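Here are my notes on how the two parts of this chain meet. Please read them with the structure open.

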Amino acid sequence: MEEGGMSKEAVESLLQEKKLEDLSYERILSSMCTYPHEIAVYAHAMFLESNLGDSGLFPGTKEMENKVIRMIGALLGKEDAAGYISTGGTESNIQAIRAIRNRKRKEGLRDMNIIVPESAHFSFDKIADLLSIEVRKASLDEELRMDVNSVERLIDDQTIGVVGIAGTTEFGQIDPIKELSEIIMERDLFLFVDAAFGGFVIPFLEERYEFDFSLEGVRAISVDPHKMGMSTIPAGCLLFSEESYLEELAVPTPYLTTKEQCSLTGTRSGASAAATYAVLKYLGREGLKRIVGECMRLTRILVSGAKQIGISPVIEPVMNVVALRFPETEVGRVTRALGERRWRVSVTRKPKALRLVIMPHVDEETIHLFLEELEDIVYVV
Ligand code: PLP
(Lines give C-alpha, C1' and ligand atoms only; values in the text may rest on other atoms or scores of the structure.)
Protein backbone atom coordinates (compact mmCIF):
# COMPACT_ATOMS: atom_id res chain seq x y z
CA MET A 1 0.00 0.00 0.00
CA GLU A 2 1.27 3.47 -0.87
CA GLU A 3 1.52 6.20 1.79
CA GLY A 4 -0.95 8.47 -0.01
CA GLY A 5 -4.06 7.17 -1.75
CA MET A 6 -4.67 7.32 -5.47
CA SER A 7 -7.35 9.23 -7.33
CA LYS A 8 -10.63 7.47 -8.06
CA GLU A 9 -9.87 7.61 -11.80
CA ALA A 10 -6.47 6.01 -11.28
CA VAL A 11 -7.97 3.17 -9.23
CA GLU A 12 -10.70 2.69 -11.82
CA SER A 13 -8.14 2.36 -14.54
CA LEU A 14 -6.21 -0.20 -12.46
CA LEU A 15 -9.41 -2.18 -12.09
CA GLN A 16 -10.17 -1.99 -15.83
CA GLU A 17 -6.70 -3.29 -16.57
CA LYS A 18 -7.18 -6.28 -14.28
CA LYS A 19 -10.69 -6.92 -15.60
CA LEU A 20 -9.20 -7.28 -19.08
CA GLU A 21 -6.84 -9.97 -17.79
CA ASP A 22 -9.81 -12.08 -16.61
CA LEU A 23 -11.56 -14.32 -19.10
CA SER A 24 -15.15 -13.61 -20.05
CA TYR A 25 -17.51 -16.57 -19.87
CA GLU A 26 -18.29 -16.77 -23.62
CA ARG A 27 -15.75 -19.51 -24.39
CA ILE A 28 -15.75 -21.07 -20.95
CA LEU A 29 -17.18 -24.60 -21.10
CA SER A 30 -15.45 -25.85 -17.96
CA SER A 31 -17.28 -23.95 -15.23
CA MET A 32 -20.47 -24.50 -13.28
CA CYS A 33 -20.74 -20.75 -12.71
CA THR A 34 -22.11 -18.19 -15.13
CA TYR A 35 -23.06 -14.53 -15.44
CA PRO A 36 -25.50 -13.78 -12.65
CA HIS A 37 -28.92 -12.53 -13.74
CA GLU A 38 -29.11 -8.71 -13.86
CA ILE A 39 -31.76 -8.59 -11.14
CA ALA A 40 -29.39 -10.57 -8.89
CA VAL A 41 -26.60 -8.08 -9.59
CA TYR A 42 -28.96 -5.21 -8.76
CA ALA A 43 -30.03 -6.76 -5.47
CA HIS A 44 -26.45 -7.74 -4.57
CA ALA A 45 -25.24 -4.16 -4.99
CA MET A 46 -28.17 -2.88 -2.92
CA PHE A 47 -27.37 -5.09 0.10
CA LEU A 48 -23.57 -5.06 -0.03
CA GLU A 49 -23.11 -3.98 3.59
CA SER A 50 -25.65 -6.39 5.01
CA ASN A 51 -24.15 -9.02 7.34
CA LEU A 52 -26.23 -12.10 8.03
CA GLY A 53 -23.70 -13.13 10.66
CA ASP A 54 -25.37 -10.52 12.89
CA SER A 55 -28.83 -10.79 11.43
CA GLY A 56 -30.65 -8.85 14.19
CA LEU A 57 -29.20 -5.72 12.57
CA PHE A 58 -30.58 -6.67 9.16
CA PRO A 59 -34.08 -8.07 9.71
CA GLY A 60 -35.10 -7.29 6.13
CA THR A 61 -32.23 -9.33 4.74
CA LYS A 62 -32.90 -12.12 7.23
CA GLU A 63 -36.53 -12.23 6.08
CA MET A 64 -35.31 -12.61 2.48
CA GLU A 65 -33.05 -15.48 3.53
CA ASN A 66 -35.99 -17.19 5.25
CA LYS A 67 -38.10 -16.77 2.14
CA VAL A 68 -35.34 -18.20 -0.07
CA ILE A 69 -35.14 -21.25 2.22
CA ARG A 70 -38.93 -21.68 1.92
CA MET A 71 -38.90 -21.25 -1.88
CA ILE A 72 -36.06 -23.71 -2.42
CA GLY A 73 -37.50 -26.06 0.21
CA ALA A 74 -40.83 -26.08 -1.67
CA LEU A 75 -39.01 -26.71 -4.95
CA LEU A 76 -37.29 -29.71 -3.34
CA GLY A 77 -40.33 -31.22 -1.69
CA LYS A 78 -40.30 -29.62 1.77
CA GLU A 79 -41.48 -26.06 2.21
CA ASP A 80 -40.73 -26.11 5.92
CA ALA A 81 -37.13 -27.37 5.53
CA ALA A 82 -34.65 -25.67 7.89
CA GLY A 83 -31.44 -24.19 6.57
CA TYR A 84 -29.40 -21.20 5.60
CA ILE A 85 -27.59 -19.58 2.70
CA SER A 86 -23.99 -20.72 2.70
CA THR A 87 -21.00 -19.71 0.63
CA GLY A 88 -21.51 -22.63 -1.76
CA GLY A 89 -21.42 -26.38 -2.20
CA THR A 90 -18.26 -26.91 -0.17
CA GLU A 91 -19.57 -25.19 2.96
CA SER A 92 -22.94 -26.92 2.60
CA ASN A 93 -21.27 -30.32 2.32
CA ILE A 94 -19.05 -29.68 5.34
CA GLN A 95 -21.98 -28.49 7.42
CA ALA A 96 -24.34 -31.32 6.47
CA ILE A 97 -21.78 -33.90 7.54
CA ARG A 98 -20.76 -31.89 10.60
CA ALA A 99 -24.39 -31.84 11.78
CA ILE A 100 -24.73 -35.61 11.74
CA ARG A 101 -21.18 -36.08 13.09
CA ASN A 102 -22.04 -33.83 16.05
CA ARG A 103 -25.26 -35.70 16.72
CA LYS A 104 -23.57 -39.09 16.66
CA ARG A 105 -20.69 -37.81 18.80
CA LYS A 106 -23.21 -36.84 21.49
CA GLU A 107 -24.53 -40.39 21.32
CA GLY A 108 -20.99 -41.54 22.13
CA LEU A 109 -19.90 -42.77 18.71
CA ARG A 110 -16.22 -42.41 17.78
CA ASP A 111 -14.20 -43.27 14.62
CA MET A 112 -17.11 -42.52 12.33
CA ASN A 113 -17.32 -42.96 8.59
CA ILE A 114 -19.51 -41.78 5.75
CA ILE A 115 -19.95 -43.31 2.31
CA VAL A 116 -19.77 -41.18 -0.82
CA PRO A 117 -19.58 -42.25 -4.46
CA GLU A 118 -16.21 -42.25 -6.25
CA SER A 119 -17.65 -39.42 -8.30
CA ALA A 120 -18.07 -37.14 -5.25
CA HIS A 121 -16.76 -33.59 -5.40
CA PHE A 122 -13.31 -33.04 -3.89
CA SER A 123 -14.88 -31.10 -1.01
CA PHE A 124 -15.40 -34.50 0.65
CA ASP A 125 -11.61 -34.85 0.90
CA LYS A 126 -11.62 -31.58 2.84
CA ILE A 127 -14.38 -33.01 5.04
CA ALA A 128 -12.29 -36.07 5.90
CA ASP A 129 -9.51 -33.75 7.00
CA LEU A 130 -11.58 -31.12 8.81
CA LEU A 131 -14.04 -33.37 10.60
CA SER A 132 -11.65 -36.26 11.31
CA ILE A 133 -14.03 -38.67 9.74
CA GLU A 134 -13.31 -41.51 7.33
CA VAL A 135 -14.76 -40.92 3.87
CA ARG A 136 -15.32 -44.26 2.11
CA LYS A 137 -15.76 -44.25 -1.62
CA ALA A 138 -18.35 -46.53 -3.19
CA SER A 139 -17.75 -47.69 -6.74
CA LEU A 140 -19.91 -46.68 -9.69
CA ASP A 141 -21.98 -48.74 -12.09
CA GLU A 142 -21.51 -48.65 -15.86
CA GLU A 143 -23.61 -45.52 -16.13
CA LEU A 144 -21.36 -43.82 -13.55
CA ARG A 145 -24.04 -43.90 -10.83
CA MET A 146 -23.22 -44.90 -7.26
CA ASP A 147 -23.38 -48.68 -7.04
CA VAL A 148 -25.86 -49.58 -4.32
CA ASN A 149 -24.26 -53.00 -3.69
CA SER A 150 -20.93 -51.34 -3.12
CA VAL A 151 -22.60 -48.97 -0.61
CA GLU A 152 -24.10 -51.92 1.27
CA ARG A 153 -20.71 -53.63 1.44
CA LEU A 154 -19.06 -50.50 2.88
CA ILE A 155 -21.60 -49.86 5.64
CA ASP A 156 -20.50 -50.97 9.13
CA ASP A 157 -21.29 -50.08 12.75
CA GLN A 158 -19.28 -46.86 12.51
CA THR A 159 -21.13 -45.58 9.44
CA ILE A 160 -23.23 -42.50 10.17
CA GLY A 161 -24.39 -41.49 6.74
CA VAL A 162 -24.47 -41.91 2.99
CA VAL A 163 -24.08 -39.16 0.40
CA GLY A 164 -25.73 -39.37 -3.01
CA ILE A 165 -24.96 -36.87 -5.75
CA ALA A 166 -27.78 -35.41 -7.84
CA GLY A 167 -25.79 -33.96 -10.70
CA THR A 168 -22.19 -35.16 -10.47
CA THR A 169 -19.56 -32.54 -11.14
CA GLU A 170 -17.83 -34.44 -13.92
CA PHE A 171 -20.64 -36.29 -15.72
CA GLY A 172 -23.88 -34.65 -14.55
CA GLN A 173 -25.16 -38.07 -13.48
CA ILE A 174 -27.80 -38.64 -10.79
CA ASP A 175 -27.16 -41.33 -8.18
CA PRO A 176 -29.99 -43.78 -7.35
CA ILE A 177 -31.27 -41.65 -4.47
CA LYS A 178 -34.48 -43.69 -4.05
CA GLU A 179 -32.55 -46.93 -3.53
CA LEU A 180 -30.13 -45.16 -1.20
CA SER A 181 -33.10 -43.83 0.75
CA GLU A 182 -34.42 -47.37 1.19
CA ILE A 183 -31.03 -48.66 2.37
CA ILE A 184 -30.57 -45.96 4.95
CA MET A 185 -34.15 -46.26 6.25
CA GLU A 186 -33.47 -49.90 7.12
CA ARG A 187 -30.47 -48.84 9.19
CA ASP A 188 -31.31 -45.44 10.66
CA LEU A 189 -28.56 -43.63 8.77
CA PHE A 190 -28.43 -40.07 7.47
CA LEU A 191 -28.86 -39.54 3.71
CA PHE A 192 -27.47 -36.31 2.34
CA VAL A 193 -28.04 -35.35 -1.29
CA ASP A 194 -25.40 -33.14 -2.85
CA ALA A 195 -27.47 -31.35 -5.49
CA ALA A 196 -25.14 -28.33 -5.65
CA PHE A 197 -25.44 -28.37 -9.43
CA GLY A 198 -28.54 -30.49 -10.06
CA GLY A 199 -30.89 -28.86 -7.55
CA PHE A 200 -31.81 -26.10 -9.98
CA VAL A 201 -31.79 -28.45 -13.00
CA ILE A 202 -33.47 -31.75 -12.13
CA PRO A 203 -36.88 -30.28 -11.12
CA PHE A 204 -37.10 -28.72 -14.60
CA LEU A 205 -36.07 -31.67 -16.77
CA GLU A 206 -38.61 -33.43 -18.96
CA GLU A 207 -37.70 -36.74 -17.37
CA ARG A 208 -38.68 -37.13 -13.71
CA TYR A 209 -36.13 -38.19 -11.10
CA GLU A 210 -36.76 -38.88 -7.43
CA PHE A 211 -33.99 -37.18 -5.52
CA ASP A 212 -35.39 -34.75 -2.97
CA PHE A 213 -37.27 -34.53 0.37
CA SER A 214 -40.22 -36.38 -1.13
CA LEU A 215 -38.11 -39.46 -0.36
CA GLU A 216 -38.44 -40.26 3.32
CA GLY A 217 -34.78 -41.04 3.90
CA VAL A 218 -33.42 -37.73 2.58
CA ARG A 219 -32.36 -35.69 5.61
CA ALA A 220 -30.42 -32.88 3.96
CA ILE A 221 -29.88 -31.37 0.51
CA SER A 222 -27.33 -28.88 -0.77
CA VAL A 223 -28.14 -26.72 -3.80
CA ASP A 224 -26.17 -23.76 -5.11
CA PRO A 225 -27.94 -20.61 -6.33
CA HIS A 226 -24.54 -19.43 -7.67
CA LYS A 227 -24.49 -22.30 -10.16
CA MET A 228 -27.73 -22.90 -12.13
CA GLY A 229 -29.74 -20.55 -9.86
CA MET A 230 -28.37 -17.48 -11.69
CA SER A 231 -27.46 -15.75 -8.42
CA THR A 232 -24.23 -14.00 -7.48
CA ILE A 233 -21.18 -15.67 -5.92
CA PRO A 234 -21.11 -16.72 -3.07
CA ALA A 235 -24.52 -18.36 -2.74
CA GLY A 236 -25.07 -21.93 -1.61
CA CYS A 237 -28.09 -23.29 0.20
CA LEU A 238 -28.12 -26.03 2.81
CA LEU A 239 -31.47 -27.53 3.77
CA PHE A 240 -32.31 -30.05 6.49
CA SER A 241 -35.54 -32.02 6.78
CA GLU A 242 -35.72 -31.05 10.47
CA GLU A 243 -34.70 -27.98 12.45
CA SER A 244 -32.99 -30.24 15.00
CA TYR A 245 -30.19 -31.03 12.51
CA LEU A 246 -29.49 -27.31 12.07
CA GLU A 247 -29.38 -27.00 15.86
CA GLU A 248 -26.49 -29.48 15.92
CA LEU A 249 -24.42 -26.72 14.31
CA ALA A 250 -25.34 -23.95 16.74
CA VAL A 251 -22.74 -22.12 18.79
CA PRO A 252 -23.63 -19.31 21.26
CA THR A 253 -22.80 -15.80 20.02
CA PRO A 254 -22.48 -13.71 23.18
CA TYR A 255 -21.99 -10.18 21.84
CA LEU A 256 -24.17 -10.27 18.72
CA THR A 257 -27.84 -9.47 18.15
CA THR A 258 -28.65 -13.17 17.86
CA LYS A 259 -28.16 -15.83 20.53
CA GLU A 260 -26.52 -18.44 18.33
CA GLN A 261 -25.06 -19.06 14.90
CA CYS A 262 -25.32 -22.20 12.75
CA SER A 263 -23.29 -21.12 9.71
CA LEU A 264 -19.64 -22.05 9.25
CA THR A 265 -18.55 -18.49 8.52
CA GLY A 266 -19.21 -15.68 11.00
CA THR A 267 -19.74 -12.56 8.95
CA ARG A 268 -21.66 -13.65 5.88
CA SER A 269 -23.02 -11.99 2.81
CA GLY A 270 -26.54 -10.59 3.00
CA ALA A 271 -26.00 -9.45 -0.58
CA SER A 272 -26.01 -13.06 -1.80
CA ALA A 273 -29.26 -13.72 0.06
CA ALA A 274 -30.84 -10.62 -1.50
CA ALA A 275 -29.55 -11.58 -4.95
CA THR A 276 -30.94 -15.11 -4.64
CA TYR A 277 -34.27 -13.82 -3.35
CA ALA A 278 -34.51 -11.33 -6.21
CA VAL A 279 -33.67 -13.77 -8.98
CA LEU A 280 -35.99 -16.51 -7.70
CA LYS A 281 -38.84 -14.00 -7.35
CA TYR A 282 -38.14 -12.56 -10.79
CA LEU A 283 -37.77 -15.81 -12.73
CA GLY A 284 -40.21 -18.00 -10.84
CA ARG A 285 -40.32 -21.70 -11.68
CA GLU A 286 -41.25 -20.93 -15.28
CA GLY A 287 -38.19 -18.74 -15.78
CA LEU A 288 -35.85 -21.34 -14.28
CA LYS A 289 -37.47 -24.03 -16.43
CA ARG A 290 -36.93 -21.92 -19.55
CA ILE A 291 -33.23 -21.56 -18.72
CA VAL A 292 -32.79 -25.28 -18.10
CA GLY A 293 -34.77 -26.07 -21.27
CA GLU A 294 -32.43 -23.93 -23.35
CA CYS A 295 -29.28 -25.41 -21.77
CA MET A 296 -30.63 -28.90 -22.49
CA ARG A 297 -31.52 -27.99 -26.09
CA LEU A 298 -27.95 -26.78 -26.65
CA THR A 299 -26.58 -29.86 -24.91
CA ARG A 300 -28.49 -32.06 -27.37
CA ILE A 301 -27.17 -30.04 -30.34
CA LEU A 302 -23.64 -30.42 -28.99
CA VAL A 303 -23.94 -34.16 -28.48
CA SER A 304 -25.52 -34.86 -31.85
CA GLY A 305 -22.90 -32.64 -33.56
CA ALA A 306 -20.13 -34.50 -31.74
CA LYS A 307 -21.58 -37.86 -32.80
CA GLN A 308 -21.64 -36.66 -36.41
CA ILE A 309 -17.91 -36.09 -36.26
CA GLY A 310 -17.39 -39.51 -34.70
CA ILE A 311 -17.09 -38.57 -31.02
CA SER A 312 -19.50 -40.18 -28.57
CA PRO A 313 -20.39 -39.12 -25.03
CA VAL A 314 -19.30 -41.33 -22.12
CA ILE A 315 -22.96 -41.43 -21.01
CA GLU A 316 -26.01 -39.97 -22.71
CA PRO A 317 -26.23 -36.62 -20.91
CA VAL A 318 -28.79 -36.50 -18.13
CA MET A 319 -28.34 -32.78 -17.62
CA ASN A 320 -26.26 -30.00 -19.19
CA VAL A 321 -22.90 -31.67 -18.54
CA VAL A 322 -21.25 -33.61 -21.35
CA ALA A 323 -18.17 -35.83 -21.28
CA LEU A 324 -16.81 -36.68 -24.71
CA ARG A 325 -14.91 -39.91 -25.12
CA PHE A 326 -11.37 -39.80 -26.57
CA PRO A 327 -8.51 -42.26 -26.49
CA GLU A 328 -6.67 -41.52 -23.24
CA THR A 329 -3.59 -40.29 -25.13
CA GLU A 330 -5.70 -37.82 -27.14
CA VAL A 331 -7.57 -35.98 -24.34
CA GLY A 332 -4.56 -33.90 -23.36
CA ARG A 333 -3.73 -32.91 -26.92
CA VAL A 334 -7.33 -31.95 -27.72
CA THR A 335 -7.68 -29.95 -24.50
CA ARG A 336 -4.44 -28.06 -25.20
CA ALA A 337 -5.38 -27.39 -28.82
CA LEU A 338 -8.79 -26.06 -27.73
CA GLY A 339 -7.01 -23.92 -25.14
CA GLU A 340 -4.83 -22.40 -27.85
CA ARG A 341 -8.05 -21.39 -29.57
CA ARG A 342 -9.21 -19.75 -26.31
CA TRP A 343 -11.73 -22.45 -25.35
CA ARG A 344 -11.72 -23.49 -21.72
CA VAL A 345 -12.66 -27.12 -21.22
CA SER A 346 -11.73 -29.64 -18.55
CA VAL A 347 -10.87 -33.31 -18.27
CA THR A 348 -12.64 -35.91 -16.13
CA ARG A 349 -10.75 -38.29 -13.84
CA LYS A 350 -12.21 -41.75 -14.57
CA PRO A 351 -12.76 -42.46 -17.38
CA LYS A 352 -10.66 -39.65 -18.85
CA ALA A 353 -12.88 -37.57 -21.13
CA LEU A 354 -13.34 -34.04 -22.36
CA ARG A 355 -15.80 -32.34 -19.99
CA LEU A 356 -18.11 -29.57 -21.12
CA VAL A 357 -20.72 -27.74 -19.07
CA ILE A 358 -23.39 -25.98 -21.10
CA MET A 359 -24.24 -23.07 -18.82
CA PRO A 360 -26.72 -20.25 -19.58
CA HIS A 361 -23.94 -18.05 -21.01
CA VAL A 362 -23.52 -20.49 -23.92
CA ASP A 363 -25.57 -19.85 -27.07
CA GLU A 364 -26.24 -21.85 -30.22
CA GLU A 365 -23.66 -19.98 -32.29
CA THR A 366 -21.00 -20.82 -29.72
CA ILE A 367 -21.92 -24.52 -29.86
CA HIS A 368 -21.60 -24.60 -33.67
CA LEU A 369 -18.31 -22.71 -33.57
CA PHE A 370 -17.01 -25.08 -30.91
CA LEU A 371 -17.99 -28.13 -32.96
CA GLU A 372 -16.28 -26.75 -36.07
CA GLU A 373 -13.06 -26.12 -34.17
CA LEU A 374 -13.25 -29.46 -32.40
CA GLU A 375 -13.57 -31.23 -35.76
CA ASP A 376 -10.56 -29.31 -37.06
CA ILE A 377 -8.48 -30.33 -34.06
CA VAL A 378 -9.55 -33.94 -33.97
CA TYR A 379 -8.84 -34.61 -37.60
CA VAL A 380 -5.54 -32.76 -37.84
CA VAL A 381 -2.69 -35.10 -38.78
N1 PLP B 1 -20.84 -30.46 -5.01
C2 PLP B 1 -20.93 -30.59 -6.35
C3 PLP B 1 -21.74 -31.71 -6.92
C4 PLP B 1 -20.27 -29.69 -7.20
O5 PLP B 1 -20.36 -29.84 -8.52
C6 PLP B 1 -19.50 -28.65 -6.61
C7 PLP B 1 -18.78 -27.72 -7.45
O8 PLP B 1 -18.72 -27.80 -8.65
C9 PLP B 1 -19.44 -28.56 -5.22
C10 PLP B 1 -20.12 -29.48 -4.45
C11 PLP B 1 -18.63 -27.47 -4.56
O12 PLP B 1 -19.25 -26.23 -4.76
P13 PLP B 1 -18.48 -24.87 -4.48
O14 PLP B 1 -17.40 -24.78 -5.50
O15 PLP B 1 -19.56 -23.83 -4.64
O16 PLP B 1 -17.95 -24.92 -3.09
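Predicted model: local features only at pLDDT ≥ 70, side-chain atom pairs only at ≥ 80, totals over all residues.

1. Domain layout. Domain 1 is made of two segments, 8-36 and 285-378. Domain 2 covers 38-281. The C-alpha centres of domain 1 and domain 2 lie 26 Å apart. Domain 1 brings 27 residues to the contact, and domain 2 brings 34 residues.

2. Buried area. About 2,700 Å² is buried between domain 1 and domain 2. Carbon and sulfur atoms give 69% of that area. On the domain 1 side, Met32, Pro36 and Met319 supply 24% of the area buried against domain 2. That is more than any other three residues.

3. Salt bridges. The rule finds two salt bridges across the interface of domain 1 and domain 2. In the model, a salt bridge also joins the side chains of Arg349 and Glu170, at 2.9 Å from N to O.

4. Elements on the domain 1 side. H9 gives the largest share, seven residues.

5. Residue classes. What is the make-up of the side of domain 1 that touches domain 2? Its residues divide into 19 nonpolar, three polar and five charged.

Note on methods:
Residues numbered from 1 in each chain as written. Heavy atoms only, no water. Domains from an automatic or database assignment. Contact = heavy atoms within 4.5 Å. Buried area = accessible area lost by both parts, 1.4 Å probe. Salt bridge = Lys/Arg side-chain N within 4 Å of Asp/Glu carboxyl O. Helix = DSSP H or I, 4+ residues; strand = E, 2+ residues; numbered from the N terminus. Nonpolar A, V, L, I, M, F, W, Y, C, P; charged D, E, K, R; others polar.
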